[in-house]
Amino acid sequence: MRGLRFLLVILGLAVLPLAAGLWLPDAAVAQDVAVVDYAQWEKDAQGAEDALAADRVSSQALESLRERIVAWRSTFGTAQNANAAQIETVKAQIAALGPAPTEEKPDAPEIADRRKALSDQLSKLQAPGLAAVEAYSRADGLIRQIDARIRARQASELLRLSPTPANPVNWPAGAAVLTGGLHTLWKEADEAWNNPARRTELKNNLPVIVLLLAIAGILLVRGPDFIERLSVRLLTRASIRGGDIVAAVVSLGQVIVPVLGMVLLVAAMLSTGMTGMRSRALISALPQAAFYFFTLRWLASWLFRSEAGEGAFLTDRPAEARFHVNMIALMAALEAFRRAFITEVRPPLSMAAQAVWAAPFVCILAIFLFRLGLILRPAQAPSESGRTEFRDKTLRLIGTAVVAISVVAPALALVGYVAAANALIWPTVASLGLLGLILLLQRFATDIYLVATRSGAEGREALLPVLVGFGLAILALPAFALIWGARTADLSELWTRFSEGLTLGETRLSPAVLLTFLLIFAIGYALTRLTQGALKSAILPRTKLEKGVQNALVSGLGYLGIFLAALVAITGAGIDLSALGYVVGALSVGIGFGLQNIVQNFVSGIILLIERPISEGDMIEVTNQTGIVKGISVRSTWIETFDRTDVIVPNADLVSGVVTNLTRRNLTGRIIIPIGVAYGSDSRKVAAMLLEIVEAQPLVAVDPAPAVHLVGFGPDSLNFEIRAILSDVNFKMGVQTEMLHQIYERFAAEGIELPFPQRDIWLHNADAAGIISARPKKVVVPAVAPAAGPAAAGQAPPATPHAAAAVDPRRIRNDPEADEPERGGDPEEETG
């Protein structure tokens, strides 16, 4: 019932817009033309074109100008759909007037006047949309030009060559920045202290400052160690299910607590009133530096845990890896201070001073990155399948890239391409941190999955955790793009292009269209399954239809429902498939040849479901296979043989081939058992005995009555056949086995001999063989020694097995006249 209610709610939400359109036709038709100030747009567009032509505007001004053009483009995109409902109505009216007139078939005067009036009305309705389309194209072109100009400036900035920091001539410029900065900080502090108002402010805020400093000190000094000990304690307590999850959540305090303490410390320092512009910039950089340091330190503690097992799965040297990551975190914090220290310098630093200040950070950072890259490159050990595991391949690729960047970046910095070196090495650090965060989130989601499903370690290889990791990687792609220099405007532009979708003919396949299609199809699919369940469980069992017919109806309804759901979803989403007509026509021939057998089996499956020549549970014989039909699909039929093997038979073989259905209408079936007795037996007595045995079987039908027939004289036996109708042919083998047991027992008791094959052997030139006289002699030799028949009758076999084996099979003669020796042989020495 809950599922039904949920389905009804979804259906109601889907039908609500349609109902609103039916009850409010005026609102659906009476659309106001979007009011667009094209005069103002012309001024903005002309200004943007002039700015691009002069190329004197800063990048920040270009970004601001781009935002205005983007807003205009959004307005024009909305205005393109102006009067859409009226336009469709007028088009339908024009189409209702019939085909366009020609010289041979002109319109009647009344129709011609009406067609002209409607055409004029259509032109007026389309005019605002066409103007919006033209303006939209112009705005889109301006945005592309601005983006290209900004990217060109960024590339030029990255490739700018500064004076080499390796030249000692440039070092005094860097030293001057340091001494000048320290002098500025001292001057700001001295001026603030000598200002009575500042001292009064410090005195008034002293209690708050002391309180903030005390709390900040506790959080900075004792907080990280306390959180770390608590996390380790949770990890080591095996009694807590999901201890890794709790420990991971608690360990976030290693980042939150010290960063909060640093924020309180900054607040305390700013509350003193003793800060200037330069010192305020440095103090404000403290939370950012703390965040970099403690975040990377926290990632290292989880990615490179010393405990054996899954904690150290990235490398076999976790302690060394943690040390290098901690040093990289320290360099990131110092870089934040460096940028804050040189930001407020007036006038801006010279290129030589910037290079001297940036190059040492790059070179020191490259040393730790180089060592970390070597640690991340695992030894390439082949797996059991002879191939390196995917994880090792990925780590080796990442480690190789890190090593290469740590070599190239300092070389660029020492040559003078400091901007390129910074743009290469610091995004690498950020990317490694983001990759580590993704990995931790994936492990965290896996731990939650293991706790929720109560799975063991094998649950880590399940599909859902892998999909979660894949989804996290996809969601992180914009972050990677921003790290490596992409602008927010670039991502928004990419999203705009994606939202617009792909145009095919008169249809635009956008994400909204696809979501609408999926939603309508999901509702139709759910309704189909719900109807199938109701028919199968509540309606059809109360009818007199056969089980096979019921299954056919349910299956046919399912295929029909899915087809209708897809058709309604395509129509509801507004997808025009006529644009794909040429593509479908071009591919139809190739698909027809390639899928010929599949289509044939599909059509055959539909025929089987409609005609029902076989049903589930029938015993059939097809393509030398006998078994029970277990399932019929649109492509193949599943048969279970008597040795419990599954045979998949294509439906085309069941429709076009010869199929024997042993239990189609009923379970009755005939059984035929051939019986042979030795010559000399009383044939009527044998027939009576056999009839008595078959009539005693409980599954043998009385009407028609069973019969025993003497069907012929064989070379070694009198041949009888038992023919009877069984009430359940599924027990055919059991009945046959029981009858044969009883026949053998009765024949042994009555002394009736079971036959065995016999052969007459004629021996020629017996004197030469030393057996008998030269006169031919017939010797009867059994081809197969009887098991019990002759012994039970007290008869000895005509020849011993040794005598039979002494006869050359090539000399066996059934014809006594055939006494000529073979060509090329000596008749005096031949024996048969």
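In these exercises, a residue is called buried under 20% relative accessible area, exposed over 50% and partly exposed in between, with a 1.4 Å probe and protein chains only. The model is a predicted one: local features need pLDDT of at least 70 and side-chain atom pairs count only at pLDDT 80 or more, while totals for chains, interfaces and linings use all residues. Residues are numbered from 1 along each chain as its sequence is written, and side-chain values use heavy atoms, leaving out hydrogens and water.

**Exercise 1.** Decide whether L212 is buried or exposed, and find its contacts.

*Solution.* Start with the place: L212 lies in helix α9, residues 206–221. Helices here are DSSP runs of H or I with at least four residues, strands are runs of E with at least two, and both are numbered from the N terminus. Next, the relative accessibility of L212 is 17%, so L212 counts as buried. Now look for contacts, meaning heavy atoms within 4.5 Å. Beyond neighbours within four places in sequence, L212 touches L264, A267 and A268. Finally, L212 and L264 are 52 residues apart in sequence, yet their C-alpha atoms are 5.8 Å apart.

**Exercise 2.** Find the edge strands of the five-stranded sheet.

*Solution.* Two strands pair if DSSP finds at least two bridges between them. The open sheet runs β6-β5-β4-β3-β7, with antiparallel pairing. Its edges are β6 (646–650) and β7 (660–661), each pairing on one side only. Within the sheet, β4 (residues 625–632) and β5 (residues 636–641) pair over five bridges in the antiparallel sense. As a detail to look up, V629 stands opposite I639 in β5.

**Exercise 3.** Say whether I610 is buried or exposed.

*Solution.* First, locate I610 in helix α24. Then check its relative accessible area: the value is 65%, so I610 is exposed.
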